[in-house]
Amino acid sequence: MNLFIFSEDLRIRDNKALYEASLEQKGLIALYIINKGKNEEHGDSLAKLKLKLLALAEIRNPLVSLNIPIKVLHSQDIRDEPKEILGFCKKHQITNIFLNSEYPFNEKQRNKKLETLCNKNDINLRMFDSQLIDPKKVKNNSGQPFKVFTPYSKKIRVLLTTEILQEEPEPLKQIRKITDEDDIPSFKDTYDEEFNFSIDNHPVTEKSASKRLEEFVETSISNYKELRDIPSLSSTSNLSSSFAIGLITSKQAINQVFSSSDGTGTGQFAWVNEIIWREFYKYITYHYPHVSKGKSFNPKYDLFSWREDEDSFIKWCEGKTGIPIVDAAMRQLNQTKWMHNRLRMITAMFLSKNLLVDWRKGERYFMENLIDGDFCSNNGGWQWSASTGVDASPYFRIFNPITQSEKFDPDGKFIKNFVPELIECPSNEIHNPSIETRSSLNYPEMIVDLKSSRLRAIDAFKSIK
Ligand SMILES: Cc1cc2nc3c(=O)[nH]c(=O)nc-3n(C[C@H](O)[C@H](O)[C@H](O)COP(=O)(O)OP(=O)(O)OC[C@H]3O[C@@H](n4cnc5c(N)ncnc54)[C@H](O)[C@@H]3O)c2cc1C
C-alpha cells in the first residue's frame, strides 16, 4: 500500500508525488496532518488554516473518485511527526511513502528523520522536488548558489524548456478501493474556536484558482507592470493564497502566460518575474538554512541592536501610527488577512527602519495574520525591507511612507477605504494631515518623526561593520 502525505500541495493536477504514488494502482491513501503545536510555533494564521481545511474538504471528492481516501493524523509537535507517521504506516501496511519536498528547516529535519526511520523499517520514502527547477541544479558560473535575484532569474528563464514546463499528469485511479476514510474535521472542532472570517475572496479549489489565473492572464496581465503598485486597484492576480496552499503551481502559472503570448510583453514579463521571486526565496531557504532559524541572511546584522519599543510595535500592528498609508495597510491586513505588495514593503520598512524594531517581530505578525503566509516569501520580503537579506534593499534607501503614499495612492482612495477617520480629510492633507485636522478628526499624531528616524536608522546600520 502507498501513502501520499500532503504538505503545501492541496491539488490533484501537477502534483508530482501524488502522481508517482498512484502509478502502481495497488492502493493509495492520502494523509493530511493537523499539527497545532507546529502551527503555533510557526505562527500560522487562522485564515490560512481555515483555507487549508476548506480546500482539503473540496479535494476529498475528486480523490475518492480515484479510489484514494483521505486520512487525518493529529500531532502536537513537528518533531513527533516522523514516529507518528511510522505508526500510521504500520497500522495501514504502508510500504511506500511519497511526498513533495519543503525547504524550511523544521520541515527538512522532519523529512530527514522520517527517512532514517523508514530505512530502519523497510519503508521506501520517495521525495520529489516541488520547485519549478530543483534548487540543487541551479548554480552560478562558479558552481555556487546564486545570491542575487537578476542573474538567478536570467538563469531560470534559460532553463525553462518545454520539458521542464511539462506538467504532471493526473493521478491514476486505484484498482484497489479502500473504503476506510476519515471525515474532514471542521475548523471549529480542530482549533476550538470560531473564526468568522469570510474566505470568499480566495479560491478553495484548484479549479477556481485556475479560473482566476486564466481570467487574470486574459484580462489584466498586460497592464500589470503599470498598475501593480496601486493598492486601490485590483490589478494583481490575488493568487498568493492559492500558491501558498498549493492549489496551483508556478509551472501552471507560467504555462498559462505562454499559452496566450510569447511572454515578452511588459506585463507578462513582470508577472513571471514575480513567480520567479517566489521561487528565488524558496531557493534561498533551501541553500541557506540559517534564514529559517531566525537568523539574518547577512550574519553581520545578527549583531544589530534593535529598539525595544512595544508601544510603537502595538500601534503599528493596530494601524494607529498616525501615518495614513501605514495605518490603512495594517488595517487592510487585519480586516482582510491580505495586504498589497507595495504596502507590505512600506509597512515592513517603516517598522524595521523608522521604528528600528526587530524585523522578526513584524515577520511573525504578518505570518500570524496573512492568509497567504509563506515562510520563504515572508522571510525574504522582511529581510529585503530590513536590508538584512539576500539581494536586499540597501540600508540607506529608506522609503518615505508619505512620498510613497503620494505616488501610489495619489487621491487617498485606498487610505479612505481603510481609515474611516480620514474620510472627511481635505484631499491636500490626506497623506499627512495637519495637527488641527488630526485633532478634529480624532486621528493620532505620528508616533515618530520620519526625518530624524531615517537618519537614526542610517547611523545604526552604518555602525555595523
Ligand atoms: C514584507 C513582505 C512579506 C511578504 N510575505 C509574503 C507571504 O507571506 N506570502 C506570499 O505569498 N508573499 C509574500 N510577499 C510577497 C508579495 O507581497 C505577495 O506575494 C503579493 O502581494 C501577493 O499578491 P498577488 O497574489 O496579487 O501577487 P501578484 O503580483 O499577482 O504576483 C503573482 C504571485 O507571485 C508571487 N509573488 C509576487 N510578489 C512576490 C514577492 N515579492 N516575493 C515572493 N513572491 C512574490 C506570489 O505567489 C503571487 O501570488 C511578501 C512581501 C513582502 C515585502
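Let's start with Asn 67, which sits in the loop between helix 3 (46–65) and strand 3 (70–75). Please keep in mind that this is a predicted model. Elsewhere in the chain, 28 residues surround a ligand, and this shell draws on both domain 2 (131–165 + 207–287) and domain 3 (299–462), so the ligand lies between them.

**Two residues with positive phi**

- Asn 67 is not a glycine, yet its phi is positive, at about 65°.
- Is Asn 67 buried, exposed or partly exposed? Inside 10 Å there are 18 C-beta neighbours, so Asn 67 counts as partly exposed.
- Ser 387 is a residue other than glycine with a positive phi, near 65°.
- You will find Ser 387 in the loop between helix 17 and helix 18.
- Ser 387 has 23 C-beta neighbours inside 10 Å and therefore counts as buried; the cut-off for buried is 20 or more.

**The shell around the ligand**

- Which residues come closest to the ligand? They are Thr 236, Ser 237, Asn 341, Asn 378 and Gly 381.
- Four helices each supply at least two residues of the shell: helix 10 (240–245), helix 12 (266–287), helix 15 (341–354) and helix 17 (375–385).
- Sorted by class, the shell around the ligand holds 11 nonpolar, 11 polar and 6 charged residues.

**How some of the helices pack**

- Two packed helices are described by the angle between their axes and the distance between the axes.
- Helix 15, one of the helices that supply the shell, packs with helix 14 (residues 324–336) at an angle of about 115°, and their axes are 9 Å apart. That angle makes helix 14 roughly perpendicular to helix 15.
- The crossing in which helix 14 passes helix 15 is left-handed.
- Helix 8 and helix 11 (residues 250–260) have axes that come within 10 Å and cross at roughly 40°, so these two helices are oblique to each other.
- Helix 8 passes helix 11 in a right-handed crossing.
- Helix 4 (residues 81–91) packs with helix 5 (residues 105–120) at an angle of about 45°, with the axes 8 Å apart. Helix 4 is therefore oblique to helix 5.
- The crossing of helix 4 and helix 5 is right-handed.

**A loop residue and a helix residue**

- Where is Glu 193 found? Glu 193 belongs to the loop between helix 7 (187–191) and helix 8 (206–219).
- Glu 193 has 9 other C-beta atoms within 10 Å, so this residue is exposed; the cut-off for exposed is 12 or fewer.
- Along the chain, Glu 193 and Leu 46 are 147 residues apart, while their C-alpha atoms are separated by 9.6 Å.
- Gln 404 is part of helix 18 (residues 401–408).
- Gln 404 counts as buried because 21 C-beta neighbours lie inside 10 Å.
- What separates the C-alpha atoms of Gln 404 and Ile 346? The separation is 7.7 Å, for residues 58 apart along the chain.

Note on methods:
Residues numbered from 1 in each chain as written. Predicted model: local features only at pLDDT ≥ 70, side-chain atom pairs only at ≥ 80, totals over all residues. Near = placed C-beta within 6 Å. Nonpolar A, V, L, I, M, F, W, Y, C, P; charged D, E, K, R; others polar. Domains from an automatic or database assignment. Axes fitted to C-alpha atoms, helices over the stretch in contact; angles between N-to-C directions. Parallel < 35°, antiparallel > 145°, perpendicular 65-115°, else oblique. Left-handed = near helix turned anticlockwise from the far one by under 90°.
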